[in-house]
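Me: Could you walk me through reading this one? I'd like the general idea behind each feature, then the case at hand.

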Amino acid sequence: MDDSSNIILVGPMGVGKSTIGRLIAQATRRQFKDTDQEIEERCGADIPWIFDIEGEEGFRNREATVLRDLIAEPGLVLATGGGIVTRPENRELLLKNGNVVYLTASIDQLVKRTRKDRKRPLLQVDDPRSKIVELIKARGHWYEEVAQAKVITDHKSPKTVADSILSQL
Ligand code: S3P
């Protein structure tokens, strides 16, 4: 893998894309970016606000623009929002990039890691577990489709997961 290529992490909410992405960036001396963070910086508002005011569609439009811009920058480690794969044009860009890693975990782990979260609008429902199951069902095949490697993160430290990704790329 040459230094100018991007390493991109996809997968569901709560799987640890940002934490693991930062570790990979450190290890490979790449810059780390996160699509959610970039959206918030550009918009000057947080994700719950964007969902409130612009709806999910507005958020997805911003997300697609950010992905297109960031993927064009060389040598990044990029953590993406869990819904990035819902748009065909995003999947196309991810596939073209290569070096996409699908991080996954058991439903129990994902529920545990997102339990106290108030910043993910899609999980502010009565039964977040069912929502997580529903999202994985709808999106799992897309993560598989765009990624060249898949790593299960249960019972592994972020460092172990990062090392395992680096050995596969
Ligand atoms: C979303 C995941 C979130 C964020 C937004 C929507 C999703 O990112 O983009 O709340 O649709 O799965 P994380 O996967 O980083 O939590």
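Me: What share of the 169 residues in the protein chain is buried?

Reply: Keep in mind that this is a predicted model. Counting neighbours around each residue, you need 20 or more other C-beta atoms within 10 Å to call it buried. In this chain, buried residues come to 36% of the 169.

Me: And the fold, how many helices and strands does the protein chain have?

Reply: Seven helices and five strands. Going along the sequence, they follow the pattern β-α-β-α-α-β-α-β-α-α-β-α. The radius of gyration is 15 Å, close to the 15 Å from the globule rule for 169 residues, so the chain is as compact as a globular protein of that length. As for its dimensions, the C-alpha atoms fill a box of roughly 45 × 35 × 25 Å along the principal axes.

Me: Among contacts between residues at least 6 apart in sequence, what percentage join residues at least 24 apart?

Reply: Here you look at how far along the chain the contact partners sit. For this chain the figure is 75%.

Me: Which residues of H6 are buried, and what covers them?

Reply: Ile-132, Trp-142, Tyr-143 and Val-146 are the buried ones. Their cover includes strand E1 (7-10), H4, strand E4 (100-104) and helix H5 (107-114).

Me: Which positions does UniProt list under "binding site"?

Reply: The unreviewed UniProt entry gives Asp-36, Arg-60, Gly-82 and Arg-139. With such a list, ask where each residue sits and what touches it. Gly-82 is in the loop between strand E3 (76-79) and helix H4 (88-97), while Arg-139 belongs to helix H6 (residues 128-146).

Me: Is Gly-82 buried or exposed?

Reply: Go back to the neighbour count. Gly-82 has 23 other C-beta atoms within 10 Å, so it counts as buried. Leaving out residues up to four places away in sequence, Gly-82 touches Gly-11, Pro-12, Met-13 and Leu-135.

Me: Why is Arg-139 classed as partly exposed?

Reply: Because Arg-139 has 18 other C-beta atoms within 10 Å.

How values were computed:
Residues numbered from 1 in each chain as written. Predicted model: local features only at pLDDT ≥ 70, side-chain atom pairs only at ≥ 80, totals over all residues. UniProt positions renumbered as here; feature names shortened; annotations may be inferred. Helix = DSSP H or I, 4+ residues; strand = E, 2+ residues; numbered from the N terminus. Buried ≥ 20, exposed ≤ 12 C-beta atoms within 10 Å, placed from the backbone. Contact = placed C-beta atoms within 7 Å. Rg over C-alpha atoms; globule rule 2.2 N^0.38 Å.
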